[in-house]
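Please look over this protein chain with its sequence alongside. A short report on the fold follows the display.

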Amino acid sequence: MYRILFLFILALCATTTHAQFTPDITADTNPWTHLSFKNNPDEFQFVIVTDHTGGHRPGVFKRAIRRINLLQPEFVMCVGDLIEGGTEDKVQLDKEWTEMEGFINTLEMPFFYVPGNHDISNSVMLEVWKKKFGRSYYHFIYKNVLFIQMDSEDPPATNISDEQIAYVQNVLEKHKDVRWTLVFLHKPMWVYESKKTLWDRVDTLLQGRPYTVFAGHHHTYQLHTRYDRQYFTLATTGGSSSLLGIAAGAFDHVTWVTMTQDGPRMANLMLDGILEPDVRTEYTKSLTDPLFQRQGIWTGPLFVKQPTFSGDQTTLTVRNTHADQPLKISASFEIHENFRPVPRTFDLIVPPGETRELPVAIGISHKTEHKNLTPLLLAWHAQYDLPNRDTPLIVEGKNRMVVEPLLRVPKNKRPIVVDGHLEDWKNLTIQVDKPAQVRQNATSWDGPKDCQFSFDITSDDQYFYVAVRTVDDRVVQGKDLLDRNKDGITIMLNAQADPNRSQNQGNASGNLILFLYPGESLVSDNLPKGLQTACVATPTGVVAEIAVPISYLDAQQNAPWHHVRLNISVYDYDEGRARGAQLFWRPDWTTGQSYAGSGTFVRQ
């Protein structure tokens, strides 16, 4: 009985809350918080656009109109300064208004005009305004909210006439019972009180009712509080601006207002934060992916045979072979305490289907051991200007150039059995007690005494071998433990030809990634045929061995293999920790700390 009564009440609630909502009720507990939908018919949304002039930036207002159509408000307000104006030339004024009205007429909802000083700064402009729009101040009521549009240029400039004050007073007296009053005008008249603009009379008339005031003109955003009410000066929608950002109140935006039962709720929407559905397509993805993967802009690795680095030559390569549009590149090396690259900056346009190679001399202030050199950073800005797109397609990034020792793959002189026992290896020559990067729960790693590892490589005519051994103060294993809540080893290998090998990142095509845990088998459809793996637990850690068929390396390079890129990471999990730490020999290829050619070995 109680079950039936509960279902009846819940269904009744759903019916009264939203006639179109029919819940799937199958239990006393359901996967939603409540059924009080935000669909009050007295609530509504509108948008406010702000200053477009004073040296407008072409394209911004047009883009704003397109973004507003995406948002679908019920109507659009403004705070004036729509055209540059400042002239008595009617031909020029007609040209400017024709352009502006062309933008506004593409709106799918009503637009309400408010005059600014750029719109009616002289008698000729006022005549044009009245011919086009009639009144310079007016009002309307929408869902019991009073909207008053005022003229802050009721001649002379920065002035409100006695006639306009009388109009506002009459409107307010006739509509005393509205739930809220919203006032729109161009100049924030309350900051000009010393000029006796009569705004104090408007403030007095507004008292005793809930209200909010919106203005523009200053091209910077600010919230003022007067008489315990909110007075806003808005920033710009394409007008002149320093664009210094939020802290300076200098940005392009539209204001989204939701009129609720408790008054207006506002949200300032940056134009760049309102994205159209085609913000990313298969086509734009094809243009940008090579840039994100660092294959479009490539700086070759700096390898040294000696412990010290005394300078080298490298090449900056920009590939636009994947595109049908020109690629604009601006790049510059950041200031470094040791490196002296020449040239330091680059600006070039690479035609579609082409590649540009620029030689770079990497000088150095004095000979330095390569292990003490911090990375040299190349910051770059890549841009495609696409037809039928109002904003350029931009990718920005930084390439890290690191001096790497030239690592060689020795020829194997003894048979190796991949069984997780390292009697076949003379020793593991590469010791990692200071990882290049620690990820996951980095604070859970307490240093080399907690966990460290060593590894080595070799090859013969059939296989490329890798062996890894960890030394761990606490070994955590067991099949019953959740994935990653145990110690393990990951081996990542890429044998492609450059630039794919040196520039490849993450789980991209061409990366062989092996996750090795004691007692567990790899499950993957992409493992090379003939791959051998072994992983065992020891009293002091974990041991892993792999043998990758040479045929796989050859196929990856479409030739007898010559280079291979390798990374090793060890997962150290200590019981009682929320997560373990992942220790990397070279920075994780998926992160910005990775650099071209890290962990490259050359066939001996």
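## Model and confidence

This is a predicted model, in which local features need pLDDT of at least 70, side-chain atom pairs count only at pLDDT 80 or more, and totals for chains, interfaces and linings use all residues. Residues are numbered from 1 along each chain as its sequence is written, and side-chain values use heavy atoms, with hydrogens and water left out.

pLDDT is the predictor's confidence in each residue, from 0 to 100. Its mean over the protein chain is 90. Of the residues, 94% reach 70 or more.

## Overall form

The protein chain holds nine helices and 34 strands. Both are DSSP runs numbered from the N terminus: helices are H or I with at least four residues, strands E with at least two. The radius of gyration, taken over C-alpha atoms, is 34 Å. A compact globule of 604 residues would have a value near 25 Å, by the rule of 2.2 Å times the number of residues to the power 0.38. Along the principal axes, the C-alpha atoms fill a box of roughly 105 × 80 × 40 Å.

Buried residues make up 50% of the 604. Buried means under 20% relative accessible area, exposed over 50%, and partly exposed in between (1.4 Å probe, protein chains only). Among contacts with a separation of 6 or more, 67% link residues 24 or more positions apart.

## An open sheet with a helix across it

Six strands form an open sheet of mixed pairing, in the order β3-β4-β5-β6-β8-β7. Two strands pair if DSSP finds at least two bridges between them. The edge strands, β3 (138-142) and β7 (222-226), each pair on one side only. Neighbouring strands are turned by 20° on average, direction ignored.

β7 runs antiparallel to β8 (residues 229-233), with five bridges joining them. T225 stands opposite Q230 in β8. Helix α5 (residues 162-174) lies across β3, β4 (145-149) and β5 (180-184). It runs at about 175° to β4. Axes are lines fitted to C-alpha atoms, for helices over the stretch in contact, and angles run from 0 to 180 degrees between N-to-C directions.

## A covered strand pair

Strands β28 (residues 488-494) and β29 run antiparallel, joined by six bridges. I491 stands opposite L514 in β29. β29 (residues 511-516) is mostly covered, with five of its six residues buried.

Terms used. Contact means heavy atoms within 4.5 Å.
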